[in-house]
Protein chains: 2
Amino acid sequence: MNAPTPSTHLAPTILQREVPDALLTTLKARFAERCSTALVVREQHGRDESAFTTVPPPAAVVFALSTQEVAEVVTLASQYRVPVIPFGVGSSLEGHLLAVQGGISIDVSRMNQVLAINAEDLTVTVQPGVTRKQLNEAVKSTGLFFPIDPGADATLGGMSATRASGTNAVRYGTMRENVLALEVVTASGEITRTGTRAKKSSAGYDLTRLMVGSEGTLGVITEVTVKLYPLPEAISAAVCSFPSIEAAVHTTIQIIQMGIPIARVELIDANTVRMVNAHSKLTLREEPQLLMEFHGSPASVKEQAETVQEIATELGGNAFEWATTPEARTRLWTARHNAYFAAIQSKPGCRAISTDTCVPISRLADCLLDSVAEADASGLPYFLVGHVGDGNFHFGYLLDPDSPSERATAEQLNHALVARALKLEGTCSGEHGVGLHKMDFLLTEAGSGAVAMMRTIKQALDPHNIMNPGKIFTL
Amino acid sequence: MNAPTPSTHLAPTILQREVPDALLTTLKARFAERCSTALVVREQHGRDESAFTTVPPPAAVVFALSTQEVAEVVTLASQYRVPVIPFGVGSSLEGHLLAVQGGISIDVSRMNQVLAINAEDLTVTVQPGVTRKQLNEAVKSTGLFFPIDPGADATLGGMSATRASGTNAVRYGTMRENVLALEVVTASGEITRTGTRAKKSSAGYDLTRLMVGSEGTLGVITEVTVKLYPLPEAISAAVCSFPSIEAAVHTTIQIIQMGIPIARVELIDANTVRMVNAHSKLTLREEPQLLMEFHGSPASVKEQAETVQEIATELGGNAFEWATTPEARTRLWTARHNAYFAAIQSKPGCRAISTDTCVPISRLADCLLDSVAEADASGLPYFLVGHVGDGNFHFGYLLDPDSPSERATAEQLNHALVARALKLEGTCSGEHGVGLHKMDFLLTEAGSGAVAMMRTIKQALDPHNIMNPGKIFTL
């Protein structure tokens, strides 16, 4: 398991395939002002939150309003052998949206209808452009909620495509566990359903989970059915600071090993607390912090909180600060979610290279602490946040995009971290996906046999390689 | 969505492909007495718990001891274009193990080592022949357990291959949610890993979940890493009888809709209680029963039990009978698990055709009650048990295998039930798999587009169609 060479990472292979005028003419005739070739629109659809800046934008953007329209675009693209790239709100961190082989961006953000709330079954079916906040607004009156929360107000389509998770995953699982069924437009432009609303099924290959996390390379997601959960009777959130990252991590490890059904347990290091305080006008102690949330009946929440406090105290944690009102909780989690933006703003003009390793919980301290030491020694500013209950954490190395040496330093740190995580039986990506940035890492992690299997599936389902080509692996 | 014609169901297409003598000679030379062509051994490996009785056995059985040996057999089979069928303990209910295209049975039951217990990470890695009871024995001293419990003492390999679940799935999920990673021998005889021990991952296509439920048609599973859970601090089991199936089902629906984290909620109808009482020497009231189990802290178990009792009482449930000692609980669940055998023994010489529909919980009463009325009207004896918390239940129609009219009646009932479940947005198979018996149902449920996608994947990964061919769909 050799570490891949870092050189290729921020210079993706660009292979501009031709987009014939005839296709653009046909799309314009069909979609009128909903097919745009304006540079500003194309540029907006040719980038995301990743640190890639040098890829030309797609040739056109089609704003689709229905599954049928997506199917029409894909059918045309298939005839002309032109790539299509689905676009939601552009919150990818891994270059998923970049037109590295040119082509057409299919913007599904206007497909934002909540199609069916089946409250009594705890399911909801939405169009792919519905965002997680919009979804939670829509189901609020039913007493249910959708827990997956990657921070950004991402679309359900994008979250499915990247197998997203976030702060609540420690208790509620990821998109892998929460998507029941999808509607997908395949590479030939056919519309296919991958499952039913039944909670479980053994009926054939698990096409739903094959599509979840396929990053647009196997089809365009046009409908998503997900699980909902009853709003907990009681919710309590708390902040606890620790004398060291180590103490915070060991507290987390014990919580998980004891099977406490904690809903959120997030690490922020001291430096990131400083950034968050400045950005969100908070006064959190500038020490490593665990942000936690407990869900359940009042008795169960009390019990969980007491046990966790005991563990934390034993490991040197300071007094818990509780946030029991919805407003106080919102303030807390908004601050957490803004950590990324707080960090970006702390170094004007910078971009972040975000790591995403995830390791078995017993290896978390080993993986994290060595990487902190390396990052500190490098001198590069960074933020550090972690869904530590899942063994997943993110360093964001803040670099001047015009500084080759800062890029090189960031890549070296990322590299050493991934190598360490893989050695500890972890993964290079807990929740962001592979995109452009982790192709080498994936090969190291999964091995050539498994990646060959992925390629074989891709080639069989997308023989002209038009579905978001150049992502996950090269063909 | 037309119901498929029942005629094909119990007469699988048999297409005996040639097994060259040269292959048998090579296997015998390599594996000596661990390669058997004795009729009794072959026959034992050419059947399962399904109602299929007319398929010739495989040409030979190889008892593999290692992944390497499985790979050797598959490599040879690939060279000779001969089917291979993985075999664990033979508890399939859907004909998965039948050699409908001839070939070699690879018995992995001697690959029964627990390879790595990572208690601090709540994971364990086992060989495919380890059974669920053996696994729970092996991890007992760690204070952890593996919850998936399909009734039969199935192997982890077989449970993975069929995406099994069972009585605890309502709380802990199915094999879909609980397998972290697999080692698989692919159709070309290569050994591939599909994941790491990280709790979550967005690193490429979800090969693990593609393999889980693929019924041996994409590869032979040679290692399984699954999640473990802390043994609950408190466990309480209870039986409650109801004046009608309807009342029991509505109680279940309310429990689920309220989000009570019940660990087990199983329905047994009055007639099946009679069979179970006779078989297990119990004195359960001969009325529809819910068998329940609660896991958690003492306070949480008490709280769950109280809420459930309130719901049940309101819907006419009788006093709960509690089983709090391990012995009493074991007696209860053993009785439940023996329902199948109790039923089979109630009609000497019979075979059961087991249904396996699963519907969204709000549709459960509709689906179940109409099917009970139809089964009663048919005059065919049956048992009825259900993992009702998941919307999944099984009728077992008891038929004389030599009576074409009983077979026809059973198939018609199964048929009407599946058509009803699909109309209610459910699935034809909650946990048993498609095998030979549900190929038409799968086509109706998933549609020709989705099944074509499955076929395309199969053909790409297994171009000579040697991996358990003739199951799930025809090629």
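Residues are numbered from 1 along each chain as its sequence is written, while chains are lettered from A and ligands numbered from 1 in the order in which they are written. Because the model is predicted, local features need pLDDT of at least 70 and side-chain atom pairs count only at pLDDT 80 or more, whereas totals for chains, interfaces and linings use all residues.

The predictor assigns the complex an ipTM of 0.96 and a pTM of 0.96. Two residues are in contact if their C-beta atoms, placed from the backbone, lie within 7 Å. Where pLDDT is low, the predicted coordinates should not be read in detail.

Chain A is assigned domain 1 (6–109), domain 2 (114–230) and domain 3 (234–423); these bounds come from an automatic or database domain assignment. The centres of domain 2 and domain 3 of chain A, taken over C-alpha atoms, are separated by 26 Å. Seven residues of domain 2 of chain A are in contact with twelve residues of domain 3 of chain A. On the side of domain 2 of chain A that touches domain 3 of chain A, two residues are nonpolar, four polar and one charged. Here Ala, Val, Leu, Ile, Met, Phe, Trp, Tyr, Cys and Pro count as nonpolar, Asp, Glu, Lys and Arg as charged, and the others, Gly among them, as polar.

The contact between the chains takes 73 residues from chain A and 72 residues from chain B. Elements that each supply at least two residues of the side of chain B that touches chain A include α7 (175–178), α11 (298–314) and α16 (439–461) of chain B. Helices (H or I, at least four residues) and strands (E, at least two) are DSSP runs, numbered from the N terminus. The most is given by α16(B), with twelve residues. This side of chain B comprises 26 nonpolar, 29 polar and 17 charged residues.

Within chain B, helix α1 (residues 21–31) packs against helix α3 (residues 67–80) at an angle of about 165°, with their axes 11 Å apart. Axes are lines fitted to C-alpha atoms, for helices over the stretch in contact, and angles run from 0 to 180 degrees between N-to-C directions. The helices α1(B) and α3(B) are therefore roughly antiparallel to each other, a term for angles over 145 degrees. Residues B:Leu23, B:Thr26, B:Leu27 and B:Arg30 in α1(B) meet B:Glu72, B:Leu76 and B:Tyr80 in α3(B). Four of the residues in this contact are nonpolar, one is polar and two are charged.

Helix α14 (residues 364–378) and helix α15 (residues 404–423) of chain B have axes that come within 10 Å and cross at roughly 165°, which makes α14(B) roughly antiparallel to α15(B). Their contact involves residues including B:Cys367 and B:Asp370 of α14(B) and B:Thr409 and B:Leu413 of α15(B). The contact of α14(B) with α15(B) comprises six nonpolar, three polar and three charged residues.

Conventions
Angles under 35 degrees count as roughly parallel, over 145 as roughly antiparallel, 65 to 115 as roughly perpendicular and the rest as oblique.
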